[in-house]
Amino acid sequence: MYNVARLKGQVESFRGAVERAEPFRPLMVKLKLTWQCNLACPMCHYWRRDLPTALTTDRVARTLDDLAALGCAKVHFSGGEPTIRPDLPDLIAHARQLKLRVALTTNATLITRDLAKRLARAGLNSVCVSIDSPVRSVHDHMRGAPGAFKRTVAGVRELRRSAQRHGTPLPIRINTVVARENYATLDKLPALAHALGAQSLLLMPVDDRTSALVLNKRRLLDYNQRIAPALASRALAFGLMRQISEAFPFGMTKPELASSRDGRYARGLYERQPCYAPWTHALVAADARVAPCCGAPFVTLGELHEQSFAEIWQGEAYRHLRELIRDGTPLPECATCDTFLAENRILHQYLISNSQSPSHNETDLGRTR
């Protein structure tokens, strides 16, 4: 996630970048290190791709060099399943040498004692582990692999042990996709997350174009009325969430639920304000394409085969995207995105509330409706 607090003292500089459609600073960049995965989650398309990974060790290292020079604060390695790559500890170590913080998203099923030690020694800063249910059979079904739950739990424990032996903190976040087949089990999820030593819990609405996994109206109401309140109470008690609203990823009001039922998880936010990801974020895909974010992974702004990350970040395609977003034309994908909603609201308030000139108003930074 973004650490937007670091921008509070740089509001005027950030405002200028937004108004001129110029790059600001990549606060966090996600690198999908591979398409390959050892699981077969029905809501994911990456494992279905029989494609080579274009992000070689050298290309990732050069991209990390660029990111550090541009003032990046954090990189997030994901996939596919990034622990498939034997060079993962080396890539983490290189990023840490550049003073970049490193997060890892993993299903943890391939985390052995030896790999956990190597990740700790490399300087890994945090881990996001995918767990879709506290019920073993439900999680395994959601992950498309018998025995996945048992291996994931074992992997998390190895990560914790190695971090403790190495004397370094390793915050663990549990990522959970909320779908038709698992939603009714999630009130018990906070207890599992706490038992595994996790510090936080993130619920994500399922992304499924076929609609086979999404919650219909009845299930959305059932989740909000029966599951979410119990989940929120337990997650808050364990310190896994900070606000009740975090347990309601589909929203809390009837209009919000109606939007979520149609897959419009942004719930109209980007009809009211810009998304600031094009100024502070990027996605590097496993085929070496650079896209603005996970919500729009097929919007290609450049390819690392042809340009460096710095050239793409400062290039014309990124500038054009920033102009569109600034002037009130979000991408079609923005309506379905549930990522960085809170961060974008905070950034927008920084810009609006810190205006120092009559010419700086909300309509300079998007539209108001």
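Which residues does Asn224 touch, not counting residues up to four places away in sequence? Pro229, Phe248, Gly251, Met252 and Leu257, where contact means heavy atoms within 4.5 Å.

## Before we dig in

This is a predicted model, in which local features need pLDDT of at least 70 and side-chain atom pairs count only at pLDDT 80 or more, while totals for chains, interfaces and linings use all residues. Residues are numbered from 1 along each chain as its sequence is written, and side-chain values use heavy atoms, with hydrogens and water left out.

## The whole chain

Let's start with the big picture. The chain has 14 helices and nine strands; these are DSSP runs numbered from the N terminus, with helices (H or I) of at least four residues and strands (E) of at least two. Its radius of gyration is 20 Å, close to the 21 Å that the globule rule gives for 369 residues, so the chain is as compact as a globular protein of that length. (That radius is taken over C-alpha atoms, and the rule is 2.2 Å times the number of residues to the power 0.38.) Along the principal axes, the C-alpha atoms fill a box of roughly 55 × 50 × 40 Å.

Of the 369 residues, 55% are buried. Buried means under 20% relative accessible area, exposed means over 50%, and partly exposed is in between, using a 1.4 Å probe and protein chains only. Looking at contacts with a separation of 6 or more, 74% are between residues 24 or more positions apart.

## The outside and the charges

The chain exposes about 16100 Å², and carbon and sulfur atoms supply 51% of that. Accessible areas come from the Shrake-Rupley method with a 1.4 Å probe, and for residues only the protein chains shown count as cover.

As for charge, there are 50 positive and 35 negative side chains, with the centres of the two sets 8 Å apart. Lys and Arg count as positive and Asp and Glu as negative, while His and the chain ends are not counted. Each charge is placed at NZ of Lys, CZ of Arg, CG of Asp or CD of Glu.

Ser78 sits in strand E2 (residues 74–78) and is buried, with a relative accessible area of 4%. Leaving aside its neighbours within four places in sequence, Ser78 is in contact with Lys30, Leu31, Lys32, Leu33, Thr34 and Thr105. A cis peptide bond then joins Gly79 and Gly80, with omega at about 25°; Gly80 lies in the loop between E2 and H3. Most peptide bonds are trans.

Helix H3 (residues 88–97) buries Leu88, Pro89, Leu91, Ile92 and Ala95. Seen down the axis of H3, these buried residues fall within an arc of 160°, so they line one face of the helix; the arc is that of the directions from the helix axis to the C-beta atoms. They pack against helix H2 (57–69), E2, strand E3 (101–106) and helix H4 (113–122).

In helix H1 (residues 11–20), the buried residues are Val11, Phe14, Arg15, Gly16, Ala17 and Val18. Their cover includes helix H11 (277–280), helix H13 (316–326) and helix H14 (341–353). Just after H1, Ala21 takes a positive phi of about 60°.

Helix H5 (residues 136–143) has Val138, His139, Asp140, Met142 and Arg143 as its buried residues. Those pack against strand E4 (126–130), helix H6 (148–166) and strand E5 (172–178). Just after H5, Gly144 takes a positive phi of about 65°.

## Two loop residues with positive phi

Most residues other than glycine have a negative phi. Lys99 isn't a glycine, yet its phi is positive, at about 70°. You'll find Lys99 in the loop between H3 and E3, where it is exposed, with a relative accessible area of 70%.

Arg267 is another residue other than glycine with a positive phi, near 55°. Its place is in the loop between helix H9 (254–261) and helix H10 (269–272). Is Arg267 buried or exposed? Buried, with a relative accessible area of 18%.

Ala195 lies in helix H7 (residues 189–195) and is exposed, with a relative accessible area of 54%. Ala195 and His141 are 54 residues apart along the chain, and their C-alpha atoms are separated by 22 Å.

That brings us back to Asn224, which has its place in helix H8 (residues 217–237). At 10% relative accessibility, Asn224 counts as buried.
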